[in-house]
Amino acid sequence: MTLGQLWLLIDVVFWVGFFVLEGFDFGVGILHSFVARNDVERRICINSIGPVWDGNEVWLIVAGAVIFAAFPLWYATMFSTFYLALVVLLLALIVRGVAFEYTRKVDDPRWQTTFRWFLTVGSALIPLLVGVALGDLLHGLPLDSDHQYTGNFFGLLTPFGLMSGVTMLALSVLMGANYLTLKTTGELHARVAKLSVTAGWVTAVVVWGFVTWAHLGLGKGFVPNVTEVIALLGVLAAALFANAGAEGWAFASAALGVAGTVATFFAEMYPKVMVATNSVNSITVGNSASPSYTLKVMTIVAVVFFPVVLVYQTWTYVVFRRRLGGGRLGADAALDSPSSPAADPVES
Amino acid sequence: MAESLARWQFAITSIYHFLFVPVTIGLAFLVALLQSSWYRHEDPVKLRLTKFFGTLLVINVAIGVVTGLVQEFEFGMNWSNYSREVGNIFGGPLAMEGLLAFFLESTFLGVWIFGWDRLSKKVHLASIWAVSVATMLSAAFIMAANSWMQHPVGYVTNAVTGQPQLNDIFAIFTNPVFLWSYIHVLLAALVTAALVMLAASAWQLRKRSNESFVAAGRLAIVVLVPAVILSLFVGSELGVIEAKYQPMKIAAAEAQWNTCPGHCSFSLFQIGGGNNDQTPTQIIQIPSLLSILATNSTNGSVEGLNQLQAQDVAMYGPGNYIPNVFIQYWSMRVMAYLAMAILAIALWGTWLIHRRKLADSKVFLWIATWAVILPFLVNTAGWMLAENGRQPWIVQNLMLTSKGVSPSVSSLEVWISLIGFVGLFAVFAVVDAFLMIHYSRRSLEEADATLDTQSVGAGEVPELVY
């Protein structure tokens, strides 16, 4: 394996990590405006991802920064090609990120409703737009011999790109429903558990359409890639497990479905990383990878520090593993926090 | 046209981003200090102050983080030719920032906000320190990347492609411009956050005379005094280093059109000036001060813009290598003079602490409240001095800004993004300012209710932080 291939693999890991982790954050962000019947339920939804969403979003930042450092040509062409789409993406990331912190900072229904919808719409737009971009990379866009994009904004809205966007949106909703099922109790739990089943079947159909298009539709032959099989089986298993009430397995299967789908984009175009309609102008691992010194330095840094990140991010999920909800509070409070260290000395 | 627009956009989004960055870096540190004090002495006042200023930190971080995303994307969006040419060098520190610093900051900030009743006191305290360390690490990688643009080191030029390629990562992190500018930025962050803390405390003391805020005001001043003094010293040393690697930057900051052989004077003000006026009326000249600032010696010579321009034309071909002199001259002065004003306030505050009269001097408290505007002006001026002084280069003496712009992005597209960002940023500037002021004016008891069990339905639902 060359260093360039290794770094493509690492980058795919970051994209998968982003869509699995931030995927359920997006799903919760979208769903909380629809599945919650009252304000307390909405807060439960948002607080279920409260401690982790920001750390999850960093996976996207690192996925992008890795492309910058390891594949500068790819980064340069991709980011300038998707210019206006990325502007919308950034605006969505901004309003959504700010909404988390600001929604409850002012006790006014109009303020809270405004920021709630910022959060909901932002959470839907981000997976949709990133999905369209990934789809376009695989589908192919007009690049000239200098690897510069020659089309305009509307040229980015390829049918396959839009299908990819819808697929990532559907997967995010599925992840969100399964995550909420794991994190809630009572009536809200019953509602999201039911939704997980429906979302599972709908997403299975969408993913089936996506993998068929990505493989057959783009002329890659009849036998599907292993990533596509994983994608479809994962989502189908998520629906079946959710139906059987195996919440943990349903969530894990959905995550597998996301991983398979994200990996499909890269597996189908390998060794290209950004397909040009005139194939010779495509960007590949070979023509865009940084010189080996840079990749070696990056490899050392990643080998040393990435495991540390995994350890402490995993730890946060352990710390905040408890389900949130009105019904189980008394017992949980007694089990988990002997006394509130924050409140005691203050009130005395 | 697309190039100027891209420059405007980058300048506006960077300056905006850097309104929040120093508050985050400095306030995370100050909040960690307050919480450490509570951890050690169990003083409930310290806990309340931790939560009070922790809320301000969280409000501020929200915008700081998302505006930083814009920066990372803009290199590829607007400066694609720059990115593809030097991404193998410049991208490295950015990727390291994500992996080493940003994960740490975001993860532990979430842990800290939600962990009040989930973690032991010790682990919870460790999480705010992790946030503080992460913000400073983050700044290190960004400053290393920026310093490489000011003074490129650690690379070789590929004999075939002519492309600069990283060959020494240690050089990137021992670049003298990096070492001095990084410390300068950390000190500026402490100054900024200390003044935010001082302003909130001063307002509270004027309106409520709550003794708890004497403690906060004292902490702010104790941090502020050394930070502002060191910042002035480090900033002046940075000027000497820049005079060596970027003589244009320093010559333009003094509007020094012709080489001065020694004992060069520094003008306090000038009337006129700019790139088309080489003989402005200079008012109050301090003998030898410019020589000291630029070379650390009263007898040092300072090269003139005209002579430097001739040298650059000889080396790099025809072109205009002189940055905007008006911006350089005035941003340097705004930075220096306002920093002096901050120093004066800090020393006044120290004297009041010594006399145990911090809570009593209404004039000081009024000035200290309004002084919160100063660090933001100083920081902005400092960045304008640093970045404008690098022009017309995107990487000093290696790549011109005009060569770095994205060829496939049209002026119309940049107009759309510029209007979009400016519009949204303006709205959020108002929202953020409103929230910062609103939460700075709450009583300490109200602050207690946030960050853990919020007062909804009295205990029905715990830890509803959002």
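The expected span of a helix is 1.5 Å times one less than its number of residues. Keep that in mind for helix H7 of chain A. This is a predicted model. H7(A) has 25 residues, and its end-to-end reach, first C-alpha to last, is 36 Å. That is close to the expected 36 Å. Is H7(A) mostly covered or mostly uncovered? It is mostly covered, with 19 of its 25 residues buried.

Next, a partner of that helix. H6(A) covers residues 109-139, and H7(A) covers residues 159-183. Two packed helices are described by the angle between their axes and the distance between the axes. For H6(A) and H7(A), the axes come within 7 Å and cross at roughly 140 degrees. Angles over 145 degrees would count as roughly antiparallel. This pair is therefore oblique. The crossing is right-handed.

Who touches whom? On the H6(A) side, the contact residues include A:Ala124, A:Pro127, A:Leu128 and A:His139. On the H7(A) side, they include A:Phe160, A:Gly161, A:Met163 and A:Ser172. By class, the residues of this contact divide into 12 nonpolar, eight polar and one charged.

Now the interface between the chains. How many residues of chain A are in contact with chain B? There are 71 of them, and they meet 71 residues of chain B. Several helices of chain A give two or more residues to that side, among them H2 (39-49), H3 (53-70), H4 (72-81) and H5 (83-102). Further along chain A, H12 (292-319), H13 (329-336) and H14 (344-347) also give two or more. The side of chain A that touches chain B has 49 nonpolar, 17 polar and five charged residues.

H4(A) packs on H3(B), residues 80-114, at an angle of about 140 degrees. Their axes are 8 Å apart. H4(A) and H3(B) are therefore oblique to each other. Their crossing is right-handed. From H4(A), the contact uses A:Pro72, A:Leu73, A:Tyr75, A:Ala76, A:Thr77, A:Phe79 and A:Ser80. From H3(B), it uses B:Ser80, B:Asn81, B:Ser83, B:Arg84, B:Gly87, B:Asn88 and B:Gly91.

On to H15(B), residues 411-440. This helix has 30 residues and reaches 42 Å from first C-alpha to last, close to the 44 Å expected. Which of its residues are buried? They are B:Glu413, B:Val414, B:Ser417, B:Phe421, B:Phe425, B:Phe428, B:Asp432, B:Leu435 and B:Ser440. An α-helix has 3.6 residues a turn, so residues three or four places apart point the same way. The cover over the buried residues of H15(B) includes H5 of chain A. From chain B, the cover includes H1 (2-41), H2 (44-78) and H6 (176-207).

Now some backbone checks. Most residues other than glycine have a negative phi, and most peptide bonds are trans. Here are the exceptions I picked.

First, the cis bonds. The peptide bond from A:Tyr270 to A:Pro271 is cis, with omega near 0 degrees. A:Pro271 sits in the loop between H10 (247-269) and strand E1 (272-274) of chain A. In chain B, the bond from B:Gln391 to B:Pro392 is cis, with omega near 10 degrees. B:Pro392 lies in the loop between H13 (373-388) and strand E5 (393-395) of chain B.

Then the positive phi values. B:Glu42 is not a glycine, yet its phi is positive, about 55 degrees. Its loop joins H1 and H2 of chain B. Is B:Glu42 buried or exposed? It counts as exposed, because it has 11 C-beta neighbours inside 10 Å. B:Ala255 also has a positive phi, near 50 degrees. B:Ala255 is in the loop between H8 (247-253) and strand E3 (266-271) of chain B. With 25 other C-beta atoms within 10 Å, B:Ala255 is buried.

B:Ala255 brings us to B:Pro280, which touches it. B:Pro280 also touches B:Gln270, B:Ile271, B:Gly272 and B:Gly273, leaving aside residues up to four places away in sequence. B:Pro280 is in the loop between E3 and strand E4 (281-286) of chain B. It counts as partly exposed, with 18 C-beta neighbours inside 10 Å. From B:Pro280 to B:Phe269 is 11 residues in sequence and 9.9 Å in space, C-alpha to C-alpha.

That's the tour. Questions are welcome.

Conventions: Residues are numbered from 1 along each chain as its sequence is written. Chains are lettered from A and ligands numbered from 1 in the order in which they are written. This is a predicted model: local features need pLDDT of at least 70, side-chain atom pairs count only at pLDDT 80 or more; totals for chains, interfaces and linings use all residues. Two residues are in contact if their C-beta atoms, placed from the backbone, lie within 7 Å. Helices (H or I, at least four residues) and strands (E, at least two) are DSSP runs, numbered from the N terminus. Ala, Val, Leu, Ile, Met, Phe, Trp, Tyr, Cys and Pro count as nonpolar, Asp, Glu, Lys and Arg as charged, and the others, Gly among them, as polar. A residue is buried if 20 or more other C-beta atoms lie within 10 Å of its own, exposed if 12 or fewer, and partly exposed in between; C-beta atoms are placed from the backbone. Axes are lines fitted to C-alpha atoms, for helices over the stretch in contact, and angles run from 0 to 180 degrees between N-to-C directions. Angles under 35 degrees count as roughly parallel, over 145 as roughly antiparallel, 65 to 115 as roughly perpendicular and the rest as oblique. A crossing is left-handed if the near helix is turned anticlockwise from the far one by less than a right angle, and right-handed if clockwise.
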